[in-house]
Amino acid sequence: MLSPVTDADGAPFWEYAARGELRVQRCADCGEPRFPPRPCCPHCQSFASAWRAVSGRGRVWSYVVPHPPLLPGYAELAPYNVVVVELEEAPRIRLVGNVVAHAGAPLDSVDPARLRIGAPVRAVFSGGLPQWVPA
């Protein structure tokens, strides 16, 4: 499976995820959440930031169901879902992942026919990666 590529700005996101916490970067001056993480606030241009916990609740904003040809490690799991989740507390923050039956379940553990735009989901973690389960 693919692993995330981290940089200095995004490393805290993955460190918190490895501990089972979903946190987003917020501007320490204006409070605006931002994702992807970056050094400067796009709203007030401040370089001050903090990482704040979020509930992990959200809604499916969009999704796709990839079919072969795929990367070799994923082909045997097709069809599976890839979702974009809009966070409840920060609707402009959207995270990519997969809806699975439970933390650590395979990518194909939820029938893609069950997915709907707007469906409520909540974050779970497996191996330091955020995944989503139906709420």
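## Close-up views of a predicted model

View 1. The buried residues of α1 pack against β1 (23-27), β3, β7 (120-126) and β8 (129-134). Here, packing rests on contacts, meaning heavy atoms within 4.5 Å. Helix α1 covers residues 11-18, and its buried residues are A11, P12, F13, Y16 and A17. Buried means under 20% relative accessible area, exposed means over 50%, and partly exposed lies in between (1.4 Å probe, protein chains only). Just after α1 comes G20, with a positive phi of about 80°.

This is a predicted model: local features need pLDDT of at least 70, side-chain atom pairs count only at pLDDT 80 or more, and totals for chains, interfaces and linings use all residues. Residues are numbered from 1 along each chain as its sequence is written, and side-chain values use heavy atoms, with hydrogens and water left out.

**View 2. The whole protein has two helices and eight strands.** Along the sequence they follow the pattern α-β-β-β-β-α-β-β-β-β. The radius of gyration is 15 Å, close to the 14 Å that the globule rule gives for 135 residues, so the protein is as compact as a globular protein of that length. That radius is taken over C-alpha atoms, and the rule is 2.2 Å times the number of residues to the power 0.38. Helices (H or I, at least four residues) and strands (E, at least two) are DSSP runs, numbered from the N terminus. Along the principal axes, the C-alpha atoms fill a box of roughly 45 × 30 × 25 Å. Of the 135 residues, 39% are buried. Among contacts with a separation of 6 or more, 52% join residues 24 or more positions apart.

**View 3. A cis peptide bond joins F35 and P36.** Its omega is about 5°. P36 sits in the loop between β2 (33-34) and β3 (49-53). At 48% relative accessibility, P36 is partly exposed. P36 and F13 are 23 residues apart in sequence, and their C-alpha atoms are 9.5 Å apart in space. F13 is one of the buried residues of α1.

**View 4. Q45 has a positive phi.** The angle is near 65°, in a residue other than glycine. Q45 is also found in the loop between β2 and β3. Its relative accessible area is 48%, which makes Q45 partly exposed.

**View 5. A cis peptide bond joins A78 and P79.** Here omega is about -5°. P79 lies in the loop between α2 (72-75) and β5 (82-87).

**View 6. The cysteines form zero disulfides.** The search covers the whole structure. A disulfide is a pair of cysteine sulfur atoms within 2.5 Å. C30 is in no disulfide; its nearest cysteine sulfur belongs to C41, 3.7 Å away. C44 is in none either; its nearest cysteine sulfur belongs to C27, 3.6 Å away. C30 is partly exposed, with a relative accessible area of 40%. C44 also counts as partly exposed, at 33%.
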